Amino acid sequence: MLSTGRRRAVRGFTLIELLVVIAIIAVLVSLLLPAVQQAREAARRTQCKNNLKQLGLALANYEASLTCFPPARLGRFVGSSWDDGWECWTMMVLPYLDQVNLYNQYNNNLRWNDPGNAQLVGTVIPGYVCPSTPSDSRLDLNSANSPQPAAGDYSATAYMSQKFYIAAGGYSTTWTNKSDPMGNFFRQGVLNKAGAPTDPSYAQFRPTRYRDITDGTSNTSTVFESAGAPFAYGPTKTVFAVGTLGADVADYNVVAGQYAYTGGTAWADDGKVTGVQGCKTDGSARGVAPIGPINMCNDSEGYSFHAGGCNILMADGSVRFLTQNVSLNIFAGIITKAGGEILGEF
């Protein structure tokens, strides 16, 4: 039997209603997206902190085995000339980072960047890379090796340069005079650079023992983030366009239309050692007033892609997040192991 009733009309969305729904969804996405991004960055920052904690354990185990911390880098005589960039601390601690097999590939009769060590130093080591750094497949673009050396984001805080104290102002000549023996002693960090045995100051730069850290292990750094190489980054977390760098342009070559750092890119590079100068606040030069302590430039200075500061490893194995607004005096005191500074809270 056929129904004689009228069929009920099905009402659909009007165009206005559809647009309202789309607008509501867009608002919800815009509210959720920053929260998701912040959660991801928090996870990356935590992973970076864990990388440094593992480095802290490796340094402590190295010290326990050899009764001293590793020097920032080792040198050797090549003929009658002293080459102080033969091997970096990052290579020396590999066995203490569960990387014994990798370390066994290293030929220490060859310089770290010799083609004979290319396969080793071209290996990406996740523990040496901050996950917040853009493009974790970075390479030393100035190297002729194949493969090119893989990048790293952590540098030893070897010493405070007298240029920092000159630019900061208010310091005596003990701190600002490069030739002052007492100043050279005060400015040294934990992972200091080993000089040539023929250097009169050789004994002053012997590898550090715990008892040498008279400022206190919880007040003294060993390693900090110096991320982003080979590219030149400034205070806005963007790369410098070619032609815009100032005094530091000598530290870079132009490769494929962008600045590429000539030293200190690779995790095994002897340049993973920082004589801290501070950067001009526009990021264009090191050791030039007015300076900021960190996140001004990544040319062998403290620099990260975390908002507001960078992670720094202390000699006691703890990791601190150091704000980029830390005072210059406190920042300098954190780097030195026996400077006698009174730090207070940081």
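In the predicted model, Arg73 stands opposite Cys88 in strand β2. Residues are numbered from 1 along each chain as its sequence is written, and side-chain values rest on heavy atoms, with hydrogens and water left out. Because the model is predicted, local features need pLDDT of at least 70 and side-chain atom pairs count only at pLDDT 80 or more, whereas totals for chains, interfaces and linings use all residues. Helices (H or I, at least four residues) and strands (E, at least two) are DSSP runs numbered from the N terminus.

Strand β1 runs antiparallel to β2 (residues 81-88), and 5 bridges join the two; strands are taken to pair if DSSP finds at least two bridges between them. The two strands form a hairpin with 2 residues between them, and Gly79 in the turn has a positive phi of about 70°. Ala72 is found in the loop between α1 (15-66) and β1 (73-78). The relative accessible area of Ala72 is 0%, so this residue is buried (buried means under 20% relative accessible area, exposed over 50%, and partly exposed in between, with a 1.4 Å probe and protein chains only). Not counting residues up to four places away in sequence, Ala72 touches Cys88, Trp89, Ala156, Ala158, Leu191, Asn192, Lys193 and Val273, contact being defined as heavy atoms within 4.5 Å. Ala72 and Ser300 are 13 Å apart in space, C-alpha to C-alpha, and 228 residues apart in sequence.

The loop between α1 and β1 also holds Thr67. Phi of Thr67 is near 60°, a positive value in a residue other than glycine, and Thr67 is exposed, with a relative accessible area of 54%. A positive phi of about 55° is likewise found at Ala256, which is not a glycine. Ala256 is placed in the loop between β5 and β6 and is exposed at a relative accessible area of 77%.

Cis peptide bonds were also identified. The bond from Ser146 to Pro147 is cis, with omega near 0°, and Pro147 lies in the loop between α4 (118-121) and β3. A cis peptide bond also joins Ala229 and Pro230, with omega about 15°; Pro230 is found in the loop between β4 and β5 (252-255). Both Ala229 and Pro230 are in contact with Thr265. Other contacts of Thr265, leaving aside its neighbours within four places in sequence, include Leu139, Asp140, Ala150, Ala151, Gly152 and Lys272. Thr265 itself is located in the loop between β6 (258-261) and β7 and is buried, with a relative accessible area of 0%.

Helix α8 (residues 328-335) is mostly covered, with 6 of its 8 residues buried. The buried residues are Ile330, Phe331, Ala332, Gly333, Ile334 and Ile335. Their cover includes the helix α5 (162-168) and the strands β3 (154-160), β4 (221-225), β7 (273-276), β10 (309-314) and β11 (319-323).

A search of the whole structure finds 1 disulfide, the criterion being a pair of cysteine sulfur atoms within 2.5 Å. This disulfide joins Cys279 to Cys297, with an S to S distance of 1.7 Å. Cys279 lies in strand β8 (residues 279-280) and Cys297 in the loop between β9 (291-292) and β10, so the pair ties together parts that are 18 residues apart in sequence. Cys279 is buried at a relative accessible area of 2%, and Cys297 counts as buried at 2% relative accessibility. Cys68, by contrast, is in no disulfide, and the nearest cysteine sulfur, that of Cys88, is 15 Å away. Cys68 is buried, with a relative accessible area of 16%. The sulfur of Cys130 is 3.7 Å from the closest cysteine sulfur, in Cys48, which is too far for a bond. At 0% relative accessibility, Cys130 counts as buried.

The second largest pocket has a volume of about 160 Å³. Of the 13 residues that line this pocket, Gln54, Leu55, Tyr96, Leu97 and Asp98 are the closest to its centre. The lining divides into 7 nonpolar, 5 polar and 1 charged residues (Ala, Val, Leu, Ile, Met, Phe, Trp, Tyr, Cys and Pro count as nonpolar, Asp, Glu, Lys and Arg as charged, and the others, Gly among them, as polar). On a 1 Å grid over the protein atoms alone, a pocket is an open set of points where a 1.4 Å probe fits, with protein on both sides within 12 Å along at least five of seven lines, and lining residues have an atom within 4 Å of a point. Grid points are joined across faces, edges and corners, and the volume is the space filled by probe spheres set on the points.
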